[in-house]
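Could you walk me through this structure, stop by stop, while I have it open in my viewer? I am new to it, so please tell me what to select next and what I will find there.

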Amino acid sequence: MPASSRVLQKFGQFRRTYTFKFVVLTVIFLAVPIILYNQFRIADEEKNRLLLENIGRNGQLISAAIQADLPAAFNPAAAAALNESLSQLGRQGDLSLKLLIRPDIPTGPKRFFLIAAWPHLSAESLQAEGETLHRTGLFDKLKDSCDGNLDQATRFSGEDGQEELITSLVPLNLPAGCWVVITSFRSEAILRSSLGRAYWRTPVVQAALAIYVLMAIVVVWLFGGAWRNINQLG
């Protein structure tokens with residue numbers, strides 16, 4: 001008998017064995033979640049892109065509304081009035097707003113200072129939260145000319161410990177310096193999305209993975225039990 005025929009015969013015999021069926025089942029169990037994950041991830045990325053564009057426009061509208069209240073010259077005493085302006089805008093939704101300025105001073109460090117926020121923060125908390133914002137590297141994306149609207153998807157935990165999702169960072173180039181309005185969302189629906197984190201880390205995907213792994217363990221256990229029974233019978 002030719003060698004090729006012997007190989008085909010052995011393969012035909014192997015196909016009828018329990019081991020072959022178990023190997024096929026294992027391949028299917030590994031391939032299906034990978035295919036489905038990639039398809040759902042692509043759809044989720046498109047959904048997030050549209051969502052980020054929509055909520056980014058909200059940040060631009062808020063920035064345009066507060067621009068009229070910004071002082072012509074940098075004045076720390078105006079912080080109270082700016083806090084009130086932010087609170088009026090922030091109360092309209094589950095928003096977190098922050099207003100920073102990089103003063104146009106010939107000498108001294110070129111850095112941003114957090115001067116107003118909603119929800120309101122004490123003076124000490126403003127300074128601490130400003131330092132935390134600097135460590136995120138958000139302001140590294142701003143040009144020296146202070147232009148361009150930057151849609152974001154950055155997760156941030158403030159001084160109160162509550163997580164929020166920074167969705168827009170709008171710079172305003174005025175004579176007093178470079179103002180920046182940061183818009184964040186605190187709503188549970190936004191925070192449970194995959195914006196600002198890997199898709200596999202979302203609660204829905206992790207729950208589906210746990211169910212799938214449990215189902216795979218049960219199926220393998222059933223196959224293993226049947227395999228042992230067949231061997232004992234043999």
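Strands here, like helices, are DSSP runs numbered from the N terminus (E, at least two residues, for a strand; H or I, at least four residues, for a helix). What you have open is a predicted model, in which local features need pLDDT of at least 70, side-chain atom pairs count only at pLDDT 80 or more, and totals for chains, interfaces and linings use all residues. Residues are numbered from 1 along each chain as its sequence is written, and side-chain values use heavy atoms, with hydrogens and water left out.

**Strand 1 and its neighbours**

Now widen the selection to strand 1, residues 95-103. Strand 1 and strand 2 run antiparallel and are paired over five bridges; two strands count as paired if DSSP finds at least two bridges between them. Strand 5 also pairs with strand 1 in the antiparallel sense, over nine bridges. Here lysine 98 has isoleucine 182 of strand 5 opposite it.

How many of the nine residues of strand 1 are buried? Nine of the nine are, where buried means under 20% relative accessible area, exposed over 50%, and partly exposed in between (1.4 Å probe, protein chains only). In a regular strand the side chains alternate between the two faces of the sheet. Colour Leu95, Leu97, Leu99, Ile101 and Pro103 to see those that point one way, then Ser96, Lys98, Leu100 and Arg102 for the other way.

**Strands 4 and 5**

Next, select strand 4 (residues 163-174), where nine of the 12 residues are buried. Strand 5 (residues 177-185) runs antiparallel to strand 4 and is joined to it by nine bridges. The two make a hairpin with two residues between them. Isoleucine 182 of strand 5 turns up again here, this time opposite leucine 169.

**A chain of charges**

Show the side chains of arginine 186 and glutamate 164, which meet in a salt bridge (3.2 Å, N to O). The partners lie 22 residues apart and link distant parts of the chain: glutamate 164 is in strand 4, while arginine 186 is in the loop between strand 5 and helix 5 (188-191). A salt bridge here is a side-chain nitrogen of Lys or Arg within 4 Å of a carboxyl oxygen of Asp or Glu. Both partners are buried, arginine 186 with a relative accessible area of 13% and glutamate 164 with 0%.

Arginine 155 forms a salt bridge with glutamate 163, with the closest N and O atoms 3.6 Å apart. Glutamate 45 meets arginine 41 at 3.0 Å, N to O; the two are four residues apart in helix 2 (residues 18-67), which means about one helical turn separates them. The structure holds eight salt bridges.

**Helix 4**

Glu129 leads us to helix 4, where the buried residues are Leu126, Glu129, Gly130, Thr132 and Leu133. They cover an arc of only 160 degrees around the axis, so they sit on the same side of helix 4; the arc is that of the directions from the helix axis to the C-beta atoms. Turn to the other side to find Glu124, Gln127 and Arg135 exposed. Just after helix 4, look for glycine 137, with a positive phi of about 80 degrees.

**A cavity and a pocket**

Which residues lie nearest the centre of the largest cavity? They are Ser96, Pro119, Leu121, Glu129 and Arg186, out of 10 lining residues. On a 1 Å grid over the protein atoms alone, a cavity is a set of points where a 1.4 Å probe fits but cannot get out, whereas a pocket is an open set with protein on both sides within 12 Å along at least five of seven lines; lining residues have an atom within 4 Å of a point. The volume of the largest cavity is about 50 Å³, a volume being the space filled by probe spheres set on the points, which are joined across faces, edges and corners.

For the last stop, select Pro33, Tyr37, Val205, Ala208 and Leu209, which lie nearest the centre of the largest pocket among its 13 lining residues. Helix 2 and helix 6 (203-233) are the elements that give two or more residues to this lining, and helix 6 gives the most, with six. The largest pocket has a volume of about 450 Å³.
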